[in-house]
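I'd like to walk you through a structure I've been looking at, so let me put it up on the screen.

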Amino acid sequence: MTTDPNLDSPRTAVSNPPVQPTRANLGPGDLIRSSATPDLPPPTRQLTPVAKLIDVSKCIGCKACQSACAEWNDTYPEVEENVGIYENPHDLTPDMFTLMRFSEYENPQTGDFEWLIRKDGCMHCADPGCLKACPAPGAIVQYSNGIVDFIHENCIGCGYCVTGCPFDIPRISKTDHLAYKCTLCSDRVAVGQGPACAKACPTQAIVFGTKEDMLAHAETRVEDLKSRGYDNAGIYDPQGVGGAHVFYVLHHADQPALYSGLPEEPRISSVVEGWKGPTKALGLAAIGVAAVGSVLHGLMTRANKVSAEDETQAEQLVEGREPPLRPETEV
Amino acid sequence: MARRMFSAAGDHIESRQPVTVSRYRGFTRVNHWVTAASLIALLLSGLALFHPSLYFLTGLFGGGQATRWLHPFVGVLLFFSFLLLFLQMWRLNLPRPEDRTWVSQIGDVVRGDEEKLPELGKYNAGQKFVFWAMTVLILVLIVTGVMIWEQFFGNLVSIQVRRWAVLIHSVSAVAIILTFILHVYAAFWTRGTLRAMTRGSVTGGWAWRHHRKWLREVAGRREGGPAE
Ligand code: HEM
Ligand code: SF4
Ligand code: SF4
């Protein structure tokens, strides 16, 4: 397969770059969502939705994808200490956008020991919680091909995206105070290339193409796994977040939590929905009404003024000619 | 003089003709205005992140990144500044029986019919409400604010707790802004009040009209203690 420069979205990650110069085709007209931008103009065209499929059953845990990610994004994850597991670094960091997570599972049905290795990273949710939570206009955008991207010049480093994401993905850098996560190699996709991780994967456990193609491919993988005795094999494409543009084939799709805590039914937390929804609308309305109301009330009604009589009374009191106490106070 | 029930240690008759009564010493006034300035800075910087339509307010602080880091620091300043105010004022803000009567006759309060109301100490129930609302809300805001302070406390609490913290922080922010509006409005509407926090004193008539028990005590007319 080769990459056709006339296609709006690349169809594969395995092809080599075209030799002719390519124009970047992800522009402002391709945005379907932008953080804190309620009046975003509609996109000028609809790109073909893309997806990355991670077939966990084919992964050998070699971390070629992780290396390719750091290589392409030019990040230098800190070399950490070996604590007796293969995960390195020990978590996603602002410099490590994808992480192989290793879990050891003793299957009670078969008695087999299984090494479940999952490539963790941004899911590129159709309904992204990070984008919903972000307060900075244009700091998180979603393209019509499904990619969710962080635009660093607009990011303020508040960490709200961390609060919004159902998958615990964004990381805020301690040095430049910007949010980082997998970009689905938007800069490669824009010029017809698939993501670096998919290109590097030696077993093609990571494949890339249109969402439609990837779903069809995933079906064949599930069928194959079922024929090999994995009765619960299935696709993990969480509908709670509207489906995702990175999704998995799992041998135990009935128990996603086995794979280093992949959430069972991820969705944007109702606390986040309540915070970004009614709280903002009602809060702003209440503050507006109170501010305008008190100004109007102040202008239209009589103020509480001290009278000359009050002053005289006070003088008498201070002079010792004390006026009588009011009866109510004699309790 | 007997133990003061309705006034603070420094309150005194400043001049006799016309009568002016000293209500806040210089330290308290500076303390109050530092608190007020930090509250206003917090309100503007917080609202900038609260709603996209107010994001332009980040311009006041030198951009989004600056607003983001400044806000929590001002929050810490507010906390300690208010703590000082609290220590000076809490005793006279404790509830008293006449507060109940005052609240039940809120109509007379709004109409300015103060002759129908009981005599009051240094603070009326409305002022006490503002005081305690600020106290509780600032406590909630500092606790939840630290929990969502990405720069230094990004790993302090779990993400789920952080979601609640940011929700509670924004609801409390709305509540404290409403309280703040009430406070400012009351200070304007009750003419003659502002000078208590600018010049430090009020006129005798003001004290007679709004805080008569306080005036009686300060004038030294009630040395035998209150009627209660
Ligand atoms: C008392 C100490 C306080 C601390 C430590 C604190 C801290 C924070 C932090 C860390 C944030 C997240 C954004 C950022 O990093 O700048 C935030 C947001 C916010 N703060 Fe505060 N804050 C405090 C007090 C206040 C007060 C007094 C107000 C209101 C007058 C306020 C209003 C807000 C608002 C409206 C937001 C935006 C919430 C949202 O986006 O929904 N804060 N605060
Ligand atoms: S830290 Fe996250 S939520 Fe905050 S501005 Fe940056 S991208 Fe948006
Ligand atoms: S996985 Fe998290 S960071 Fe990625 S798009 Fe979804 S909500 Fe945003």
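Predicted model: local features only at pLDDT ≥ 70, side-chain atom pairs only at ≥ 80, totals over all residues.

Which residues come closest to ligand 2? There are 14 residues surrounding it, and the closest are Cys134(A), Cys155(A), Cys158(A), Gly159(A) and Cys161(A). If you sort that shell by type, you get 12 nonpolar residues, two polar ones and no charged ones.

Now over to ligand 3. This one also has 14 residues around it, and those that come nearest are Cys122(A), Met123(A), Cys125(A), Cys130(A) and Cys165(A). The shell here splits into 11 nonpolar, two polar and one charged. What does UniProt say about these cysteines? An unreviewed entry there puts the feature "binding site" at Cys122(A), Cys125(A), Cys130(A) and Cys165(A). Those positions are spread over 44 residues of sequence, yet they cluster in space, with a largest C-alpha distance of 10.4 Å.

Let me zoom in on two of them. Cys130(A) sits in helix 2 of chain A, which covers residues 129–133. Is Cys130(A) buried or exposed? Its relative accessibility is 8%, so it counts as buried. Skipping its neighbours within four places in sequence, Cys130(A) is in contact with Ile140(A), Val148(A), Phe150(A), Cys161(A), Gly164(A) and Cys165(A).

Chain B has 10 helices and three strands. Reading along its sequence, the pattern goes β-β-α-α-α-α-α-α-α-α-β-α-α. Its C-alpha atoms fill a box of roughly 60 × 35 × 30 Å along the principal axes. Of its 228 residues, 54% count as buried. And if you take the contacts in chain B between residues at least 6 apart in sequence, 71% of them join residues at least 24 apart.

UniProt, in an unreviewed entry, lists residues 23–200 of chain B as "domain: Cytochrome b561 bacterial/Ni-hydrogenase". That span is 71% helix and 0% strand, and its end C-alpha atoms lie 6 Å apart.

Chain B also supplies donors to a metal. Which protein atoms are the donors of the iron atom of ligand 1? They are the NE2 atoms of His71(B) and His169(B), lying 2.0 to 2.1 Å from the iron. The pair links distant parts of the chain: His71(B) is in helix 2 (residues 64–89), His169(B) is in helix 7 (residues 159–189), and the two are 98 residues apart.

Most residues other than glycine have a negative phi, and most peptide bonds are trans. With that in mind, look at Asn88(A) and Pro89(A): a cis peptide bond joins them, with omega about -5°. Pro89(A) is in the loop between helix 1 (64–73) and strand 3 (99–106) of chain A. Chain B has a cis bond as well, from Gln17(B) to Pro18(B), with omega near -5°. Pro18(B) is in the loop between strand 1 (12–16) and strand 2 (19–22).

As for phi, Cys185(A) has a positive value, near 50°, and this residue is buried at 8% relative accessible area. Gln204(A) is positive as well, near 60°, but Gln204(A) is partly exposed, at 26%.

That's my tour, so over to you for questions!

Key
Residues numbered from 1 in each chain as written. Chains lettered and ligands numbered in written order. Heavy atoms only, no water. Donors = N, O, S within 2.8 Å, 3.2 Å for Na, K, Ca; no water. Helix = DSSP H or I, 4+ residues; strand = E, 2+ residues; numbered from the N terminus. Near = heavy atom within 4 Å. Nonpolar A, V, L, I, M, F, W, Y, C, P; charged D, E, K, R; others polar. UniProt positions renumbered as here; feature names shortened; annotations may be inferred. Buried < 20%, exposed > 50% of the residue type's maximum accessible area, 1.4 Å probe, protein only. Contact = heavy atoms within 4.5 Å.
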